[in-house]
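Reader: Hey, can you walk me through this one? I'm new to reading structures.

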Amino acid sequence: MVPGDGMAHDVVTMGRVSVDLYPLQVGVPLDEVESFGKYLGGSPTNVAVAAARYGHRTAVITRTGADPFGRFVHRALGEYGVDDRFVTDVPGLPTPLAFCEMFPPDHFPLYFYRYPKAPDLEIYPNELDLDAIGKARIFWATVTGLAREPSHEATLDALAAQPGTTVLDLDWRPMFWESPEQARARVGKALEHATVAVGNLEECGVAVGEREPRAAARALLDRGVSMAIVKQGPRGVLAATPDTMVEVPPTPVKVVNGLGAGDAFGGAVCHGLLLGWDLERIVAFASAAGAIVASRLSCADAMPTSAEVEAMLAGEPTTGDIENTEKKAIR
């Protein structure tokens, strides 16, 4: 469901994009893998896909290479119902690739190929459609976009252009930064424009210097956000507003690939915010959505429908998608 000209988006995300090449052999080192599945990737891109899966009008602001993988990104976004009008190419820079190894339940090393520079860091402030960003019901940005110029300035401009709900994903990837101190300074500026912050304990530690869940939530609220969501892995999720604090236990699943769970969580948070749900319902729904994707191989392809999430919350079994990936294998 892609909006036509003049229609405001429900969710606009901004930042990383990649083509994910994930092994079709689980528990095998990357140098011994024989075949891969090819999928759309990049955290904010996946969040846009996840929100579109719930029927929302979404778009992503990012850049690719002028190459076949860039064409794949455009085609995949169209198939998922995500508006790609803000996705442009950067001649001379390749579309990023991401590889992982799969050792369930909790070891999924990632290898990013974003050299010499990722095109999604070449987003310039003067190229932004600030009107579209401002009219969107939710604007979602990630910390990765703050790591380099001109994306750093563009991300801050985009956050400032949205007068309503702005979500900052604390998405900490140390290989993209000079130091945690550099990241903390830049995240601090971005938090001034955010109404919601989402991150795990390590990411909260980098952002606000707190790794204890309640202290991290309080520190984020003290920075001015109206909702802080702290993901604790196997301990579940803690979320807080100035008036409420809730804790939701983890949703038990057999983990296949944990890499897309956070993006599914993010898209579900957007869904709950758009529908005006209370804090506990938002977090419970988002946790179940993340668990479903963790039980599947891919990220964007694996994003659940609302019916699937509600079934998970009702205790009904869900199925993974490993058996369906051979059709996308590249050898």
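Author: Buried means under 20% relative accessible area, exposed over 50% and partly exposed in between, using a 1.4 Å probe and protein chains only. Keep in mind that this is a predicted model, where local features need pLDDT of at least 70, side-chain atom pairs count only at pLDDT 80 or more, and totals for chains, interfaces and linings use all residues. Residues are numbered from 1 along each chain as its sequence is written, and side-chain values use heavy atoms, with hydrogens and water left out.

Reader: OK, and what does C299 touch?

Author: Leaving aside residues up to four places away in sequence, C299 touches D20, Y22, N46, L259, G260 and V293. Contact here means heavy atoms within 4.5 Å.

Reader: New topic: how many aromatic pairs are there in the whole structure?

Author: A search turns up seven. Rings of Phe, Tyr and Trp (its six-membered ring) pair if their centres lie within 6.5 Å; planes under 30 degrees apart are stacked, over 60 edge-to-face, and the rest tilted. One of the pairs is F36 with F99, edge-to-face at 5.7 Å centre to centre and 85° between the planes.

Reader: Are F36 and F99 buried or exposed?

Author: Both F36 and F99 are buried. F99 also pairs edge-to-face with Y113, at 5.5 Å and 75°.

Reader: And how accessible is Y113?

Author: Y113 has 45% relative accessibility, so it counts as partly exposed. Ring pairs join F36, F99 and Y113 into a cluster.
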